[in-house]
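Here is a short report on one protein model.

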Amino acid sequence: MSLLRRLSSESLIPRLRQSKRLSYLEKCYRLDRKVLIKKCGVAVGGLVVLAIGGGLQWEKSKMKHKVRCQFKKGCSPKGLREDDYIRRDVQDEITTAFCDKTDTDGMFGIVFGAAGTGKSNVLRHICKERHNQSKSSRKPSGVLYVELGSDARFAHKIADTCGIPLEPSIFEVAITKIFPSWKRHLTLPLDDEITALAQVFSVIEEGGLLYKEKKGNRVPVLIIDGADIVAKNNPKLFDGLLEWAKKCANEDSVLIVMGSSDGHVLRYVTKQACKSRAAPFIEVTDFPKFDDLKQLFDAHKVPRDIAECLFNEITGGRLTDIYKAIRLYNKLVAVKPPTLKKDEIQEKIKDAFESEMKQALNKAMDDPSNVLQLEIAAAVIDRNLRHGIKHPLSVHELALELVQHGVVASVGAVMDAAERFVDNNILRYNVNQELVAHSKMAGNVLEDLVTSSGIQQRRCWQQACYKRWWYWLRGNEHHSKCRLAGV
């Protein structure tokens, strides 16, 4: 008993346990070294794979978070000057129709108008105002603006506006060095713009849903100005843009609003299956009354009688033409000593507008005696200016009429000839796809051309002959029916 007490008092048993524990670890190390190394390698490899997967997922989520932050702060578009006249009535209409909505109603929007009516400035001003509000009152903007030009890299412009990083991060560069076969999540191909646009809009859609979730179900708005350039130069790409606008409308992620200057966009939208998804078009027209621009003329110190002449006889209420006329007036008045009277100043401004429009008309017509183009001009003048704007003529009705009269053999030739006028800002398509004069001066120049060529008299004579032949044919049918009936 004394021996056991002494052994326990000297703590021999804990020392034996410690020696057994050490020998067990040593045994594991010596006997199962390969197994232990294998297990450690598997664990380290799993951690590496987990880190890479987590990093890639973080990079993917970072893109949609950047899109959300970009929608939150908005952007300040370029090309907007402080002295530009902003049409408040159009701005209020667009803001009420598209901004601050809780859902897209399954629709996308189109803002349409002739070149020079001021719609692009209105769209830029809406985005700039929202951006300034987000900086001052911390109210989220929710509106982004991108302008598409003749450059073919549309997807890169949209990605840059929405804050999507196109350059790879340091982590992605490192992963590419370790695994050369790995491809980045967002790699925009330069030779396939449709695929690049699909990748960009998939990220924008995710970012829009995240913004909507964080900001009380407010749908962000993406304004794409210059959509008519895409529709004209790359119809396939515009078809893809329409499909993504329709998809975003169906999923209530982003409200796409397109700005267009002529009828290319409307023709594609009305032909496609997404016509039912397009909201009612907002058409930006010329100023209807002189009083709407009285403040602008007073700011530039233009006398009222000259201002009324510029508005009614020369510009017809077109905003860009009014700015051009004011600059010409200030240039003529600045000559010292003043030698021109008011009537002479008005004539010089009118001559400047007429010469510019005649140059555009000569560019649209290779041959001044082109019968087909003269017939188109005569038809538009006859239906729009002489019988009022309430009875315009669609290009399909015009083509059928010219084919019936034997002027041309195919409808496609009429479409091509009308397109030449539209491209040179002589004619334009209104919201109902009807041909009308592009501006007041364009209508005057076309009327002078039609009058000087004598095509109007020949057109009236042909129509009269056609009507007489039609009545004669109908009369023969009536007499033949009566003869068969025995009357």
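Is Cys 127 buried or exposed? In this predicted model, Cys 127 is buried, with 0% relative accessibility.

**Cysteines**

A disulfide is a covalent bond between the sulfur atoms of two cysteines. The structure holds 0 disulfides. For Cys 127, the closest cysteine sulfur belongs to Cys 75, at 3.4 Å. That is too far for a bond, because the cut-off for a disulfide is 2.5 Å. Cys 309 is buried as well, as the table shows.

| Residue | Relative accessibility | Class |
|---|---|---|
| Cys 127 | 0% | buried |
| Cys 309 | 9% | buried |

**Lys 212**

Helix H8 spans residues 193–214 and includes Lys 212. Lys 212 is buried but has no salt bridge. Which side chain of opposite charge is nearest to Lys 212? It is that of Asp 252, 4.0 Å away. The Lys 212 side chain does reach the backbone oxygen of Asp 252, at 3.3 Å. Beyond its neighbours within four places in sequence, Lys 212 contacts Thr 102, Asn 217, Arg 218, Val 219 and Asp 252.

**The whole chain**

The protein chain has 20 helices and 8 strands. It runs to 487 residues, and 42% of them count as buried. Take the contacts between residues at least 6 apart in sequence: 75% of these join residues at least 24 apart. The chain exposes about 27,300 Å². Carbon and sulfur atoms supply 55% of that area.

Note on methods. Residues numbered from 1 in each chain as written. Predicted model: local features only at pLDDT ≥ 70, side-chain atom pairs only at ≥ 80, totals over all residues. Heavy atoms only, no water. Buried < 20%, exposed > 50% of the residue type's maximum accessible area, 1.4 Å probe, protein only. Helix = DSSP H or I, 4+ residues; strand = E, 2+ residues; numbered from the N terminus. Contact = heavy atoms within 4.5 Å. Areas by Shrake-Rupley, 256 points an atom, 1.4 Å probe, with all protein chains shown as cover. Lys, Arg positive; Asp, Glu negative; His and termini not counted. Polar contact = N/O pair within 3.5 Å; in protein donor to acceptor, adjacent residues only side chain to side chain.
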